[in-house]
Structures are given as structure tokens and as C-alpha cells.
Amino acid sequence: MNTQFKSFETGIYRPPSEGGSSSLLVRLTRNCPWNHCTFCAMYKEEKFQLRTPEEIIQDIDAMHAIYLQIQDIADDTNPEGRITHEAVRIFIRRTPELSFHQGISMLVEWMLAGGKTVFLQDADSLIMKTDHMIQVLTYLKACFPKIERITTYARSKTIAKKPAADLEKIRKAGLNRVHIGLETGDRELLKAVKKGATPEDHIKGGIKALEAGFQVSEYWMPGLGCRSQSENHALNTADVLNKINPHFIRSRPFHPYPGTDFYEKAVRNQLDLLSPKELLMEIKQTIQALKVTSRVCFDHAANGWAGPDGMLLLSQSYEGYKFPEEKNRLLDLIETGIRHYS
Ligand code: SF4
């Protein structure tokens with residue numbers, strides 16, 4: 001590799017909405033500090049590690065060096081200095097070894113998309129020391145002044161434990177949105193899947209994040225309780241979401257992933273998994289019980305039920321359905337799906 005350009009580290013995971021906006025991925029920590037959730041295989045074999053601000057700043061510097069080169073070419077090739085595919089092609093032609101750079105396509109996509117959004121990896125960035133996080137955010141924004149939105153994954157328990165004043169400082173330093181894995185509001189199910197959070201932790205974490213001024217996305221997992229706990233899961237999840245009233249509620253239907261106990265049970269036919277129709281019926285129960293002003297989103301391929309016309313039943317837009325205005329329209333669509341799968 002050209003010695004002028006240093007490597008930088010990126011993790012694997014980010015929410016689909018951050019992929020949709022071609023966010024810059026900056027890795028603050030490695031893997032998950034909790035790593036016990038029985039449905040999750042994302043970081044199972046990996047050890048959690050904090051990264052130092054110096055390490056992260058080196059990554060930002062490495063990205064910034066490439067950014068400046070591409071921007072220079074853009075300035076030379078078009079009067080507005082727009083980042084174009086042509087500018088990127090010239091850059092790669094000059095430095096062909098960078099085609100093999102592990103994060104180059106992510107960085108280039110981000111620049112082509114306008115360089116406005118950033119996602120901080122991995123699973124629970126707010127576990128970092130507050131001062132360290134502020135140092136990184138401040139540096140990141142100084143290097144890339146066009147940034148408008150910075151988001152991250154966060155555990156509700158971590159937010160619940162963090163002092164409110166620290167959360168506010170972090171928000172003021174530039175973090176705008178937190179993506180929280182709620183999964184369920186049902187106490188027994190939370191315990192069974194080893195989420196490491198109670199309904200009260202979820203409510204406290206969600207409300208504290210809102211009070212600190214973050215946009216809050218809560219992810220729930222329809223079908224997680226299989227048949228036996230479906231109703232409690234549906235209704236208690238709606239109850240917790242009603243108490244938080246986050247900006248976004250995002251559906252991530254349960255799937256037994258390889259590498260989890262659920263998968264082993266599914267292979268042995270020991271899971272009473274919901275059928276596509278039953279999953280829609282459970283979602284209907286949750287939606288009916290929601291009294292929120294959130295946007296309810298189905299922005300993941302796992303929500304891919306077909307409607308009678310063969311097209312997607314539910315929109316996979318990152319902005320979802322606005323509640324309460326679109327609640328009845330969403331319920332009508334779900335009802336159509338239930339009839340279609342009968
Ligand atoms: S907290 Fe999130 S990343 Fe960590 S094990 Fe649970 S679901 Fe997976």
C-alpha cells in the first residue's frame with residue numbers, strides 16, 4: 001500500500017438506515033460488552049475491547065488523508081468541487097493499491113453521498129468514558145465539517161446508568177441518534193433471552209436518551225416469544241414503547257440464527273416458531289396497543305411479507321409509518337396480509 005495512506009479499522013455491523021444513507025463507519029469499540037443475548041450471533045465468538053481515543057483518532061486521520069486527496073481531485077475536475085465518480089476513478093487510478101484497502105469503498109460511498117452521516121461502531125458505544133467519546137466526536141466533526149448526523153448502537157442499561165449530564169454533553173458534542181435493542185417489553189422473555197435489562201431499564205434508558213436530546217430508535221423483535229409467549233410479548237412490548245414514546249420503532253422479526261441455541265433447537269424441531277401469518281397477527285396486537293407519536297418502521301428484509309398483488313405488503317422505508325396518523329392504514333395493510341396468508 002502507498003505509505004502515504006494508513007489503514008483504518010471498520011466493524012461489520014450497522015443498522016440498515018445507516019447503509020441507506022451511506023454513513024461513514026467509525027469504530028469506537030470492538031464487539032459487544034454484554035454478548036449474552038441468546039438470539040444474537042453477531043459478536044458471539046469475539047471479545048469486547050474498548051479502543052483508546054488515540055487509536056480512533058488515527059483511524060479518522062487515515063480516512064481524512066484519503067478524503068483530502070479525493071477532494072483535491074474534485075476541486076480540479078469540476079468548478080463546484082463536487083465529489084464525483086470521475087474524481088474517485090482518477091484517485092484510484094493514481095493509487096491502485098488502495099483498491100484493496102479494507103474500508104475504501106465505504107469511505108468513497110460516503111463521500112459520494114455528500115459526507116453527511118456517520119455511524120459509530122460497535123454494539124454499545126456509550127460504554128466509553130464520556131471524556132473519550134467527546135474527544136473523538138469533537139475531532140471527527142473538526143475533520144469533516146459537512147457531518148450533519150452521528151448515530152450509534154446503545155444498550156438501554158448503559159444509558160440508564162450514565163449520568164444525565166454526561167449524555168447531554170455527548171449529544172452536544174455531536175451524537176444525534178441512538179439505536180437501542182429493546183427486543184421485548186416482557187419481563188419473563190427478557191430474562192429468558194438474557195437481554196440483561198428489565199422493562200424498567202428499557203423505560204429508564206429510553207426516557208433518559210430522549211431527555212438528553214437524542215433521537216431514539218427502539219428495535220423490537222416480533223416472534224421472539226414463539227407461540228407460547230406471543231401475546232405477553234406483543235402487549236408488554238407495546239406497554240414499554242408507550243412509556244418511552246421514541247422517535248422510531250423498528251421491527252426486526254425473530255429468526256433463529258446459526259451460532260445460537262435457538263438455531264440448535266430449531267434444527268431439532270423444538271421451537272414453536274410463528275408462521276408468517278401468526279407473526280402478522282402478533283404485530284397487529286402490538287400495533288393496536290401502541291399509543292405513541294413515533295414513526296413505526298419495517299426497514300429490514302425480515303419484514304418482507306408479500307401482499308395479494310405479489311408486491312411488498314409493508315413499506316421498508318427508513319421513515320416508516322407516522323403514528324397516530326397512519327396507524328389505521330398500517331392496521332388495514334396488516335389485516336390484508338393476514339387474509340392473504342390464510
Ligand atoms: S446487546 Fe446487542 S449485540 Fe450484544 S448480545 Fe445483545 S443483541 Fe447482541
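The dialogue below takes up the sheet, a helix, the backbone and the aromatic rings in turn.

Student: What kind of model is this, and how are its residues numbered?

Tutor: This is a predicted model, in which local features need pLDDT of at least 70, side-chain atom pairs count only at pLDDT 80 or more, and totals for chains, interfaces and linings use all residues. Residues are numbered from 1 along each chain as its sequence is written, and side-chain values use heavy atoms, with hydrogens and water left out.

Student: In what order do the eight strands of the open sheet run?

Tutor: Strands of a sheet pair through backbone hydrogen bonds, in either a parallel or an antiparallel sense. Helices (H or I, at least four residues) and strands (E, at least two) are DSSP runs, numbered from the N terminus. Two strands pair if DSSP finds at least two bridges between them. Here the order is β1-β4-β5-β6-β7-β8-β9-β10, with mixed pairing. At the edges stand β1 (24-27) and β10 (321-322), each of which pairs on one side only.

Student: How many bridges join β5 and β6, and in which sense do these strands pair, parallel or antiparallel?

Tutor: Strand β5 (residues 149-154) pairs with strand β6 (residues 177-183) over four bridges, in the parallel sense. Within β6, H179 stands opposite Y153.

Student: Which strands does helix α5 lie across?

Tutor: Contact means heavy atoms within 4.5 Å. Axes are lines fitted to C-alpha atoms, for helices over the stretch in contact, and angles run from 0 to 180 degrees between N-to-C directions. Helix α5 (residues 130-143) lies across β1, β4 (117-121) and β5, and runs at about 150° to β4.

Student: Which residues of helix α4 are buried?

Tutor: A residue is buried under 20% relative accessible area, exposed over 50%, and partly exposed in between (1.4 Å probe, protein chains only). In α4 (residues 104-112), the buried residues are I104, M106, L107, V108, W110 and M111. They pack against β1, α2 (53-77), α3 (85-94) and β4. Just after α4, G114 takes a positive phi of about 110°.

Student: What is the phi of N31, and what is that of N269?

Tutor: N31 has a positive phi near 70° and lies in the loop between β2 (29-30) and β3 (49-50). N31 counts as buried because its relative accessibility is 8%. The phi of N269 is positive too, near 60°; this residue belongs to the loop between α11 and α12. N269 counts as exposed, because its relative accessibility is 70%.

Student: Where does S275 lie?

Tutor: S275 is in the loop between α11 (261-267) and α12 (276-289). With 26% relative accessibility, S275 counts as partly exposed. S275 and Y341 are 66 residues apart in sequence, and their C-alpha atoms are 9.3 Å apart in space.

Student: How many aromatic pairs are there?

Tutor: A pair of aromatic rings is described by the distance of the centres and the angle of the planes. Rings of Phe, Tyr and Trp (its six-membered ring) pair if their centres lie within 6.5 Å; planes under 30 degrees apart count as stacked, over 60 as edge-to-face and the rest as tilted. By this rule the count is eight. One of them is the edge-to-face pair of Y13 and Y43, at 5.3 Å centre to centre and 80° between the planes. Y13 lies in the segment before α1 (16-20) and Y43 in the loop between β2 and β3, 30 residues apart. Y13 is partly exposed at 27% relative accessibility, whereas Y43 is buried at 4%.

Student: Why is the pair of Y67 and F144 edge-to-face?

Tutor: The ring centres of Y67 and F144 are 5.0 Å apart and the planes stand at 75°, so the pair is edge-to-face. Y67 lies in helix α2 and F144 in the loop between α5 and β5, so the pair ties together parts 77 residues apart in sequence. Y67 is buried at 11% relative accessibility, and F144 is buried at 1%. Y67, W110 and F144 form one aromatic cluster.
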